[in-house]
Amino acid sequence: MSWKVWLPLFLFAGFLGLAAYQLTQPKDDFVESRMVGEALPYFDLPPATGGVEGAATTDFQDGTPKLLNIWASWCLPCIAEAPQLERLKEAGVPIVGIAIRDRPEDVAQFLARHGNPYSRIARDDLSEVQLAIGSSGVPETFVIDGRGYIRYQHIGDIREDDVATLLGELEAAR
Amino acid sequence: MMRFIFVALALLFAPPLAAQDTMPPAPFAYRQLDDPAQEAAAQELMETLRCLKCQSQSIADSDAPMAGDMRHQVRIRIAAGEAPEDVRAWLTSRYGDYVSYKPEVSAVTWPLFAIPGLLIILAGAVLFGRLRKRSA
């Protein structure tokens, strides 16, 4: 009997091994934006609540790199990242917030409870900006350079060790 | 016992912890376009676009608010006269091929299309060889 008889079995075993290996790998649910490196698409949105300013694309073209934070008062990880946004604000970083599908009174309550690190907060009731910049959830944070180009995307809430990375990306965007 | 049933029922209907927003859906999330031809084109496209929040569902199948906002985008763009493939291209330029369920032959995916053809040719060759041997 030739060794060739065993070939299909080996192929099958190899396939099984590959499938088993893939099953043990953690699933990556992050959908990265293809807009990194592109210009921030046009938008001009009203304020998300009383006492704050809305935001437009032109606000990102004044020469200073900024953070664009996609968030919402109904989003639990957004509470977790509030202290880190506060630290970034204290480091002198302008943070523009865009509140996704949010009510003014809920936004006000969130800011009263968790602090307001934002220089502007716009309201996006139809997720228009979120879709236009390729963001697939809340929270997400983008580094925008002084000419209004998207430089970096952070998916999920900002943890303590992400602060240095974001500061580095802001520095690089200068 | 009654109390237990009550608590169990209350738990059953408790709102999920990871609450979603309470905003009304986007105008065209559930409303069909007035023009039946445009609505049909939008519907066909929506069935081949992936919901980013609830992966493995199309945006036509999903009730996630973000899927509603994506349907709104699809419908207003189709209503404004954009071709369905242009709308798909607009989304893939943001989310990559990931957002589209439509099979595309590309530098990465061509083996998926080529291998079945090669296997059929191989099987045909083996079969032909054996049949000829038998008849000989």
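## Where the chains meet

How many residues does the contact take from chain B, and how many from chain A? In this predicted model, chain B brings 20 residues to the contact and chain A brings 18 residues.

Let's look at the side of chain B that touches chain A. Helix H4 (65-79) and helix H5 (84-95) of chain B each supply at least two of its residues, and the largest share, 6 residues, belongs to H4(B). Sorted by class, this side of chain B holds 10 nonpolar, 6 polar and 4 charged residues.

## Chain B on its own

Chain B has 6 helices and 0 strands, which gives the pattern α-α-α-α-α-α along the sequence. Of its 136 residues, 21% count as buried. Among contacts in chain B with a separation of 6 or more, 54% join residues 24 or more positions apart.

## The nonpolar cores

The largest nonpolar core has 39 residues, and the members that touch the most others are A:Ala72, A:Ile98 and A:Ala99. Several elements of chain A supply at least two residues each to this core, including strand E3 (66-71), helix H2 (76-90), strand E4 (95-100) and helix H5 (162-172). Apart from this core lies another one of 18 residues, with A:Leu131, B:Leu49, B:Met70 and B:Tyr95 among them. As a general rule, nonpolar side chains tend to be buried together in soluble globular proteins.

## A closer look at A:Ala99

Setting aside neighbours within four places in sequence, A:Ala99 is in contact with A:Ala48, A:Trp71, A:Ala72, A:Ser73, A:Val107, A:Ile121, A:Arg123 and A:Asp124.

How values were computed:
Residues are numbered from 1 along each chain as its sequence is written. Chains are lettered from A and ligands numbered from 1 in the order in which they are written. This is a predicted model: local features need pLDDT of at least 70, side-chain atom pairs count only at pLDDT 80 or more; totals for chains, interfaces and linings use all residues. A nonpolar core is a set of buried Ala, Val, Leu, Ile, Met, Phe, Trp, Tyr and Cys residues joined through C-beta atoms within 7 Å. A residue is buried if 20 or more other C-beta atoms lie within 10 Å of its own, exposed if 12 or fewer, and partly exposed in between; C-beta atoms are placed from the backbone. Helices (H or I, at least four residues) and strands (E, at least two) are DSSP runs, numbered from the N terminus. Two residues are in contact if their C-beta atoms, placed from the backbone, lie within 7 Å. Ala, Val, Leu, Ile, Met, Phe, Trp, Tyr, Cys and Pro count as nonpolar, Asp, Glu, Lys and Arg as charged, and the others, Gly among them, as polar.
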